[in-house]
Amino acid sequence: MATADRTRTFMKDVKRVIIKVGTAVVTRHDGRLALGRLGALCEQVKELNALGYEVIIVTSGAVGVGKQRLKYRKLVNSSFADLQKPQMELDGKACAAVGQSGLMALYDMLFTQLDVSSSQLLVTDSDFENPNFRERLHETVESLLDLKVVPIFNENDAISTRKAPYEDSSGIFWDNDSLAGLLAIEVKADLLVLLSDVDGLYSGPPSDPQSKIIHTYIKAKHHNEITFGDKSRVGRGGMTAKVKAAFVASNSGTPVVITSGFASQSIVRVLQGEKIGTLFHKDASLWEPSKDVSAREMAVSARECSRRLQNLSSDERKKILLDVADALEENEDVIRTENEADVAAAQHAGYEKSLVSRLTLKPGKIASLAKSIRTLAHMEDPINQILKRTEVAEDLVLEKTSCPLGVLLIIFESRPDALVQIASLAIRSGNGLLLKGGKEAMRSNTVLHKVITGAIPSNVGDKLIGLVTSRDEIADLLKLDDVIDLVIPRGSNKLVSQIKASTKIPVLGHADGICHVYIDKSADMNMAKRIVMDAKIDYPAACNAMETLLVHKDLIKAPGLDDLLLSLKTEGVTLYGGPVAHELLCIPKADSFHHEYSSMACTIEFVDGVQSAIDHIHRYGSGHTDCIVTTDDKVAETFLRQVDSAAVFYNASTRFSDGARFGLGAEVGISTGRIHARGPVGVEGLLTTRWIMRGSGQVVNGDKDIAYTHKNLPLQ
């Protein structure tokens, strides 16, 4: 339950679960049974049974299945003349009677294949008027659950007292949604899951791009904001019925989640506490303020402050950075104290050495960061630079200028120095900023954020840089594509991949840092040794550290190679071999060439030549930084031209792939993408452009009265 959202922590105490399966989930668009979805549902139920959950199913679909069968039967038995006549609507009760047996037979077959026993219980609303029935029902359900049997309920529409099961809403319950809600109360379920054909309850029709999913329903807040779309394409009530049932059940003490029956493992994920679907809970109103509101307010405030920052003069923005640098040095002792507490806690918790290394602010780091910030401050102002001037027509001039992106969301792991670099770049580029660091660096990040925002003048506002402290807020922030302009994740492959899959906001970053050094046959081996040792051991946890060493096959018996490998081992580097190196060097075989160690380990392999090295890098590399060591200029140029990475080096360590070392002042991250920015991303990567036109009353008027010149003008 470590990944559970804070509003779903009660899931750890759930034992008895009712799952309501809607007609839209049970059937396909053509009315036939959705065998794949039903099979996946039954597999989840088996998994939950094995974990000790008591599972009850309320299923719809009998009417829909029966209608499909009767339509087919009627078609087979009709003459051509019969088919030309107006077709009467099939009787709903007859459809229910025919469909019920087929639906239950399918459930029985699927559960039997999974070695799970199931049972059928058909009820009508009038049954619940009898106290004796309700008592017997409770006893039967308890007995079945004790035997690990899955009770499957359905309203017996074939003998329902309602004349039209699609329309009549009289009685104790009026559809399978309300039946599920009633059963949740009767059998004292711990949770009711209502499966739908959408991801949950939205503020409007799910097809409307402006509609937003509501993760926690609060009646006072959402009741008058929701606009319901059409009812279910096949069932009776659609989302309206589900919300009514959820409201009744949750008010009676049974939490309810409406979620997708189409999504993989949706029921299991709900019970793991993931923030999916819409939760109805009797205590939901106590959870205000909503994270949606606070996340949005934080982003909006950052944008407002960024606009005030842009209105300052270049010298005023420069002074803010110089004040930040001074504040860091003045508060170095308290910063180091908080960082040491984070490091001690991480070591006590058993974190990997590579993470602890990234977390540590080593001696001299604060001074180095302050120096980088001052370098950035003295660089040319990047905002409002005229990049191009064009005379469109006489007295009509068009200028292309640089401007900030807007609001940046940076999510990073375990590197408090990243917070300083990113914040200084945001200030220099005029952007608003939201920061979410790893929990292992919470104390370091908090004190650094306080020091930096304390140096921002009141006419800009300290909300220019917001620090997100709760993991729960990330999901909400990633939905704010209307107020956040760019997400930059800095961390593990898993983090970057999760962020990219969870947002519509553009993402800049790299998932892997699998950097190669290729030693060509003509290489100066003393130079090669210096470069390889630096690339691997200078900072093994960095994304620009060497992870794979490629060596020309002619160097297999070269004394210089033996010396290099011995030096690596002496420094504590564990060597793993590709298929060839594994055999020749008698070292452990690497599990994969596409692996980022981020520690004192690397892979070595022999290749036939520069083209083989290039092919290897393209196949297994991550497009980050790759290096060749050679004295052959022609071979070097081949490598530099053909290796398709963000940074390609000739006789230089991969560790130079860094914003500060490139002279960018600092870096917000390294991008291996191809759109917007690539490689170490400094100030320029946080800018976009806008067009400014200066005229004297010109109009288009079908281009009748204007003579275009499109003349390039000198920059002013």
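Q: Is Arg443 buried, partly exposed or exposed?
A: This is a predicted model. In it, Arg443 is partly exposed, at a relative accessible area of 43%.

Q: Which residue does Arg443 form a salt bridge with?
A: Glu338. The closest N and O atoms of the pair are 3.1 Å apart.

Q: Where do those two sit, Glu338 and Arg443?
A: Glu338 is in helix H13, residues 332-348, and Arg443 is in helix H17, residues 442-454. The pair therefore ties together parts that lie 105 residues apart in sequence.

Q: How many salt bridges in total?
A: The count comes to 30.

Q: Give me another. What does Arg655 pair with?
A: Asp538. Their closest N and O atoms are 2.8 Å apart.

Q: Which parts does the Arg655 and Asp538 pair tie together?
A: Two loops. Arg655 lies in the loop between strand E20 (647-650) and strand E21 (669-671). Asp538 lies in the loop between H20 and strand E16 (546-552). So the pair ties together parts 117 residues apart in sequence.

Q: Is Arg655 buried or exposed?
A: Buried, at 8% relative accessibility. The cut-off for buried is under 20%.

Q: How accessible are Asp608 and Lys553?
A: Asp608 is exposed, with a relative accessible area of 52%. Lys553 counts as partly exposed, at 41%.

Q: Which residues do salt bridges that share partners join into one network?
A: Lys15, Arg16, Glu54 and Glu142.

Q: Switching to helices. At what angle do H20 and H21 pack?
A: About 20°, with axes 10 Å apart. H20 covers residues 525-537 and H21 covers 559-570. That angle makes H20 roughly parallel to H21. Their crossing is right-handed.

Q: Which residues make the contact between H20 and H21?
A: On H20, Met525, Lys529, Val532, Met533 and Lys536. On H21, Gly560, Leu561, Asp563, Leu564, Ser567 and Leu568.

Q: How do those residues of H20 and H21 divide by class?
A: Six nonpolar, two polar and three charged.

Q: What about H12 and H16, what angle do they cross at?
A: Roughly 165°, and the axes come within 9 Å. H12 is residues 314-330 and H16 is residues 416-429. The two are therefore roughly antiparallel to each other. This crossing is right-handed.

Q: Which residues meet there, between H12 and H16?
A: Ser314, Arg317, Ile320, Leu321, Val324 and Leu328 in H12. They meet Val420, Ser424, Ile427 and Arg428 in H16. By class, that contact has six nonpolar, two polar and two charged residues.

Q: Zooming out, how many helices and strands does the protein have?
A: It comes to 24 helices and 24 strands.

Q: What share of the residues is buried?
A: 53% of the 716 residues.

Q: And what share of the contacts comes from residues 24 or more positions apart?
A: They account for 74% of the contacts with a separation of 6 or more.

Notes. Residues are numbered from 1 along each chain as its sequence is written. This is a predicted model: local features need pLDDT of at least 70, side-chain atom pairs count only at pLDDT 80 or more; totals for chains, interfaces and linings use all residues. Side-chain values use heavy atoms; hydrogens and water are left out. Axes are lines fitted to C-alpha atoms, for helices over the stretch in contact, and angles run from 0 to 180 degrees between N-to-C directions. Helices (H or I, at least four residues) and strands (E, at least two) are DSSP runs, numbered from the N terminus. Angles under 35 degrees count as roughly parallel, over 145 as roughly antiparallel, 65 to 115 as roughly perpendicular and the rest as oblique. A crossing is left-handed if the near helix is turned anticlockwise from the far one by less than a right angle, and right-handed if clockwise. Contact means heavy atoms within 4.5 Å. Ala, Val, Leu, Ile, Met, Phe, Trp, Tyr, Cys and Pro count as nonpolar, Asp, Glu, Lys and Arg as charged, and the others, Gly among them, as polar. A salt bridge is a side-chain nitrogen of Lys or Arg within 4 Å of a carboxyl oxygen of Asp or Glu. Buried means under 20% relative accessible area, exposed over 50%, partly exposed in between (1.4 Å probe, protein chains only).
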